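Hi there,

Here is the structure I promised to pass on.

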Amino acid sequence: QVQLVESGGGLVQAGGSLRLSCTASGSFDSIELMGWYRQAPGSQRELVASLPTVGTTNVADSVKGRFTISRDNLKNTVDLQMNSLKPEDTAVYYCSVIARVRGPVLRFWGKGTLVTVSS
């Protein structure tokens, strides 16, 4: 199984920056993809950005040019640098990993970290 620990959420004024970090640990064969999702109150969870081990980065249009995702494959970490934050970025941000665990490919979720952007 994979355990995900997120950090870096908090309160920031509009126009400010935050950096989220997520570390994956546990017993798994490989990580296929690491990414970040978010869920605002009353809304569905949505993809923010994802980075597959093989393939291209996927970034939501709403955050392109403001958010940057990066991975450290040796440390099994994924970061999300968020710049020029807007009140509409307020949400719980979840780290998500797709990993191969003794054969099957499974998705795992972190507990989430709250990002609040004040206007």
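Below is what turned up, going from the disulfide to a sheet and then to the salt bridges. Please keep in mind that this is a predicted model.

Let's begin with the cysteines. The count of disulfides comes to one, and the link runs from Cys-22 to Cys-95, with 2.1 Å from S to S. For anyone who needs a reminder, a disulfide is a covalent bond between the sulfur atoms of two cysteines. The angle about the S-S bond is -80 degrees, and the link of Cys-22 and Cys-95 is left-handed. Cys-22 sits in strand β3 (residues 18–26) and Cys-95 in strand β9 (residues 91–100), so the bond ties together parts that are 73 residues apart in sequence. Are the two ends buried or exposed? Cys-22 is buried, at a relative accessible area of 0%, and Cys-95 is buried with 0% too.

Strand β3 comes back in the sheet. Four strands make up an open, antiparallel sheet, and their order is β1-β3-β8-β7. At the edges you will find β1 (2–7) and β7 (67–72), each of which pairs on one side only. From one strand to the next, the twist averages 15 degrees. Inside that order, β3 and β8 (residues 77–82) run antiparallel and are joined by six bridges. One place to look is Ser-21, whose bridge partner in β8 is Asp-79.

Asp-79 deserves a stop of its own. This residue belongs to strand β8 and counts as buried, with 16% relative accessibility; the cut-off for buried is under 20%. What does Asp-79 touch, leaving aside its neighbours within four places in sequence? Its contacts are Arg-19, Leu-20, Ser-21, Cys-22, Trp-36, Thr-68, Ile-69 and Ser-70. So one of the disulfide cysteines, Cys-22, is in that list as well, if you read it alongside the definition of contact as heavy atoms within 4.5 Å.

In general, side chains of opposite charge can pair when their charged atoms come close.

Another to look at is Glu-46 with Arg-38, at 2.7 Å from N to O. Glu-46 is partly exposed, at 35% relative accessibility, whereas Arg-38 is buried, at 6%. Asp-89 itself counts as buried, at 1% relative accessibility. Through shared partners, salt bridges join Arg-38, Glu-46, Arg-66 and Asp-89 into one network.

Happy browsing!

How values were computed:
Residues are numbered from 1 along each chain as its sequence is written. This is a predicted model: local features need pLDDT of at least 70, side-chain atom pairs count only at pLDDT 80 or more; totals for chains, interfaces and linings use all residues. Side-chain values use heavy atoms; hydrogens and water are left out. A disulfide is a pair of cysteine sulfur atoms within 2.5 Å. Helices (H or I, at least four residues) and strands (E, at least two) are DSSP runs, numbered from the N terminus. Buried means under 20% relative accessible area, exposed over 50%, partly exposed in between (1.4 Å probe, protein chains only). Two strands pair if DSSP finds at least two bridges between them. Axes are lines fitted to C-alpha atoms, for helices over the stretch in contact, and angles run from 0 to 180 degrees between N-to-C directions. A salt bridge is a side-chain nitrogen of Lys or Arg within 4 Å of a carboxyl oxygen of Asp or Glu.
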